[in-house]
Structure formats: structure tokens, C-alpha cells
Amino acid sequence: MSQHRPDDTNPMDPFGMMKGLRDANLDAWSKMMQQFVNTEGYAQATGKMLDTYLTTSAPFRKLIEQSMAQVLAQLNMPTRSDVTSLAERLTNIEMRLDDLDAKLDSLLESKPSKPEQE
Amino acid sequence: MFPPLWGNLPATNALLEQLWRELDEMGNRFDASLRMMLTADPVEVGQTPAEVVYTENKLRLLHYRPVVAQPAPVPLLIVPSIINRYYILDLMAGRSLVEYLVSQGLDVYMLDWGTPGSDDRFVSLDHYITGYLRRVVQRVRAHAGQEHIGLMGYCIGGTFSAIFTALYPQYVHSLVELAAPINFHDSGLLSQWASPEHFNVDLIVDTLGNMPAALMQASFNMLKPGAQIRQQMALADRLGDTQGVQDFLAMHTWVNDNVPFPGEAFRKYIKECYQQNHLVQGKLIIGTQQVDLGQIQCPLLTITASRDHICPPDSAAVLNDLVSSADKRVLQVIGGHVGTVAGHGARTQMWTQLSTWLREHRSSPDGPGSYG
């Protein structure tokens with residue numbers, strides 16, 4: 001399909017002019033927003049907003065977690081925190097294995113190769 | 001030609017002709033969009049033929065099927081960012097950096113980090129580098145039968161690759177850093193937003209576990225306000241261009257396919273890198289070792305993008321001042337963080353120069369820093 005390029009300077013092309021106007025408005029808005037998000041005030045405000053949300057929602061989340069934990073305990077099922085604490089222990093074991101693995105690698109690499117027997 | 005209605009008034013005719021053409025195009029666009037909605041296939045991304053040669057937890061190591069009889073002896077391992085999906089480097093046929101490198105005779109491996117779950121919240125930054133990445137490098141060495149490999153890291157993957165090369169220089173033959181932040185106290189907005197005065201990373205990790213993908217996505221969107229609206233409008237303007245729409249949808253799929261950042265890794269990354277900038281100061285400790293970027297002695301190519309708002313050029317280029325490599329180069333290309341690797345102009349702007357450099361530095365498997 002042929003694409004017609006709008007001419008935003010041609011008064012005989014009202015659609016081109018409309019698109020030009022739209023793009024110019026968007027450019028101006030983007031520039032203004034760019035300047036806004038670049039300010040110290042914006043960084044401070046978003047940081048505060050996030051902190052407030054996380055802090056104020058914490059008691060509700062805790063309440064839900066507690067009631068959920070009670071229900072799951074009655075059903076003899078593990079809670080989310082049981083599973084994540086297991087994940088933590090596994091990660092710690094993995095990290096210790098990583099260390100051992102890396103040490104083994106470096107030991108094997110530093111070991112002089114056996115001279116070949118004739 | 002539009003038939004003259006009111007005599008031969010040229011102005012009126014031109015206006016009506018324009019109106020007619022615009023309505024015609026509008027009809028075509030509507031028709032094309034309707035056809036696309038009814039018949040379009042789901043967007044297929046990451047299509048370059050590959051086999052999985054190693055898996056661990058959620059990560060996969062992919063080996064791309066060579067298309068030449070004898071690919072370059074030194075394999076190239078690509079390390080993508082951990083917060084985006086790997087397939088931005090293999091977006092779709094004709095728009096894939098991986099496909100291009102394979103076609104140039106390189107032996108390419110890709111690390112797909114996978115999608116972390118809530119069970120991964122304790123995986124640390126150290127674990128990513130001395131655990132996952134180190135084991136993947138060992139697998140590539142074993143699979144390719146080579147002592148040394150080439151590393152190419154993109155974005156955070158580039159930061160990881162630089163740290164890895166500094167810690168284990170004996171495995172790395174040459175290093176390519178693709179829009180990878182090294183100096184985190186830069187002119188970029190992310191640096192400002194992540195400062196300790198504004199960003200309480202402990203509260204986020206302690207409350208949410210992993211850093212949610214949606215929260216990161218929202219921050220990235222605010223780096224360039226208006227960009228999304230502009231993209232939607234551009235899409236509406238070219239709905240009749242099937243290939244263009246497919247390209248847009250592929251990119252759109254990737255942009256919205258973010259993954260969470262594992263909590264403990266995120267905590268250390270933000271605190272040690274963004275807030276204290278320990279990497280460039282040589283104070284970052286990974287595992288039990290201090291990361292000294294001066295330990296990097298292999299050939300190094302640092303690629304920066306002139307309009308990169310996520311990793312400003314200076315933030316990446318500083319690596320070349322810190323390494324001990326004799327053979328090092330900074331290549332600045334015109335474009336943004338993503339456009340540089342997967343944009344329309346990527347092939348002519350970046351891929352060809354990257355491929356030339358890689359081929360020059362992949363011909364001899366003799367050892368780190370030695371090349372033919």
C-alpha cells in the first residue's frame with residue numbers, strides 16, 4: 001500500500017496540518033514532562049510515594065499473612081514464609097557449593113599436569 | 001484525479017483531492033488492521049535455531065546451530081541483562097544480532113537467565129557471577145572444547161561480564177561491552193532516582209521480596225515520557241504496512257516481557273553500584289574477592305549509544321580507562337539503548353563493525369589476549 005506523507009506546511013492538506021499540530025503538541029508535552037521528571041522534586045516525591053505505599057500497606061499485608069498462616073496451619077500445609085525460608089537455606093547451600101566448586105576449579109587448574117610416560 | 005466539482009477552482013479541487021486521498025488511506029488502514037486482527041500469526045521471537053546445552057534453576061544455555069562448516073574456533077558467549085528477556089538480541093528473522101553473527105561464521109552461545117520466582121529472592125549478585133555465570137562459562141569451554149571464550153555482555157549483563165572477566169581473566173579471550181553501565185554516578189536519570197536520599201531499597205526488598213517487573217517498567221517509561229504515546233501514534237499511521245506492524249509487535253512483546261530482579265541481588269546492585277559506585281572505585285566485593293577492573297587484560301570493545309538514557313555513553317566508556325588491556329576500543333553508535341542492538345539501523349550502524357571486530361579477535365584460540 002502506498003503511504004502518503006502528510007505535508008504539515010501545505011494549507012491545502014488539512015490532515016497534514018492536523019498531524020503536524022498533534023506532533024508539535026506531543027513534542028512540547030514530552031519536553032515539559034522531561035524537564036519535570038529531571039527535577040529533584042520529582043525524584044523526592046516518587047521516592048516518598050513509594051515509601052508511604054509500602055509502609056502503610058504493611059499492616060494490612062501482615063494481617064492477611066497471619067490469617068492465611070492460621071488457615072494453612074489448620075490444613076497442615078506450609079505457608080509462603082515456610083517455602084521462602086527453605087529457599088533461603090537452599091540458596092545458602094548453593095553459594096557454599098559455588099565457593100567449593102570455584103576452589104576446586106582453581107586447584108585443578110594450578111595443579112601441574114602429569115608428565116607423559118614414554 | 002478527483003473530478004472537478006465546483007468549476008475549476010484549483011484550491012477547492014486540491015483540498016477535496018487531499019480529503020479523498022486521506023479518506024482512502026484511512027479506509028485502507030482500517031481494512032489492513034481488520035485483516036491483521038483476523039489473520040495475524042502470534043509474534044514469533046527468538047527464532048534462530050539453537051539447542052539447549054545446559055540448564056540450572058531457571059537459566060538455560062543455548063548454542064546456536066552454526067551455518068558454516070568451520071565456525072571461528074573461539075566461541076562467543078552472550079550475556080544479556082537479567083531484567084529483560086534475552087531475545088532482544090534475537091528478535092525476529094532479519095532483525096536478529098545473533099542470526100547475523102552466526103551467519104558471519106561465529107560460534108555463538110546465549111545465556112537465557114529465565115524468569116526468577118519468589119523462591120529466588122535470596123539469590124545474590126555474587127551468586128549470579130561466581131555461581132551461574134562461572135558455571136555457564138565452564139560449560140561453554142567444555143562444549144566448544146576450548147580453553148578460552150569470548151564474552152559479550154549487554155546492559156547489566158555487560159556489567160556482570162566485566163566483573164567476571166576481572167575475577168577470572170584466565171577464561172576470557174576477548175570482551176565486548178554493549179551499553180553496559182560501569183560508572184553509576186553519571187548524568188542519567190536512573191542514577192538520580194536511585195540515590196539513597198530518594199530510594200529506600202531495603203524497604204522495597206524487605207517488603208516485596210523481588211523487585212517487581214512492573215515497578216521497573218514504570219520507572220523506565222518515565223525516563224522518556226511521551227515515547228509510548230508517540231509509538232502508538234506511529235503504529236496507527238502505518239497500520240497498512242504489514243512488515244512494519246510485525247516489527248512493532250515484536251518489539252512491543254519484548255518491551256512488555258520484563259522479569260523481576262531477585263531481591264538480594266537487587267539490594268546489592270543498587271547499594272554497591274548505583275548508590276556507592278564501588279565498581280569503578282575497585283571496592284566492590286564479589287564472593288570473597290575485590291573486583292579490580294585493572295585485572296582485565298584481554299582485547300576489549302566497548303560499544304556505547306549516543307542517545308542511551310539508561311546507560312549514558314560516559315558511564316560505559318569509562319571501562320576503557322580502568323582496564324590494563326593493550327588492545328581496547330570505544331565504538332560510539334547513533335541510537336538508543338535498545339535501537340542500537342535491535343533497531344532498523346542496527347545492522348549498518350553496529351552489527352557490521354561488531355562482527356568485523358569479533359572475527360579479527362576470534363581467529364586464534366591461543367589464550368587470553370593473544371589473537372591472530
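Across the interface of domain 1 and domain 2 of chain B, 0 salt bridges are found. The model is a predicted one. Domain 1 spans residues 1-39 of chain B, and domain 2 spans residues 50-360. Their C-alpha centres lie 47 Å apart. The two domains do touch: 4 residues of domain 1 of chain B are in contact with 6 residues of domain 2. The size of an interface is often given as the accessible area lost when the parts come together. Here, domain 1 and domain 2 of chain B bury about 430 Å² between them. Carbon and sulfur atoms account for 73% of that area.

Aromatic rings were examined next. Over all chains, the structure holds 16 aromatic pairs. In one pair, B:Y100 and B:W351 are tilted, with 35° between the planes and 5.6 Å centre to centre. B:Y100 lies in helix α2 (residues 97-103) of chain B, and B:W351 lies in helix α15 (residues 346-360) of chain B, so the pair ties together parts that are 251 residues apart in sequence.

B:Y168 and B:Y171 form a stacked pair. Their centres are 6.0 Å apart, and 20° separates the planes. B:Y168 is buried, at 7% relative accessible area. B:Y171 is buried as well, at 3%. Ring pairs also link a cluster, made up of B:F184, B:F199, B:F261, B:F266, B:Y269 and B:Y274.

Terms used. Residues numbered from 1 in each chain as written. Chains lettered and ligands numbered in written order. Predicted model: local features only at pLDDT ≥ 70, side-chain atom pairs only at ≥ 80, totals over all residues. Heavy atoms only, no water. Phe/Tyr/Trp six-rings, centres within 6.5 Å; stacked < 30°, edge-to-face > 60°. Helix = DSSP H or I, 4+ residues; strand = E, 2+ residues; numbered from the N terminus. Buried < 20%, exposed > 50% of the residue type's maximum accessible area, 1.4 Å probe, protein only. Domains from an automatic or database assignment. Contact = heavy atoms within 4.5 Å. Buried area = accessible area lost by both parts, 1.4 Å probe. Salt bridge = Lys/Arg side-chain N within 4 Å of Asp/Glu carboxyl O.
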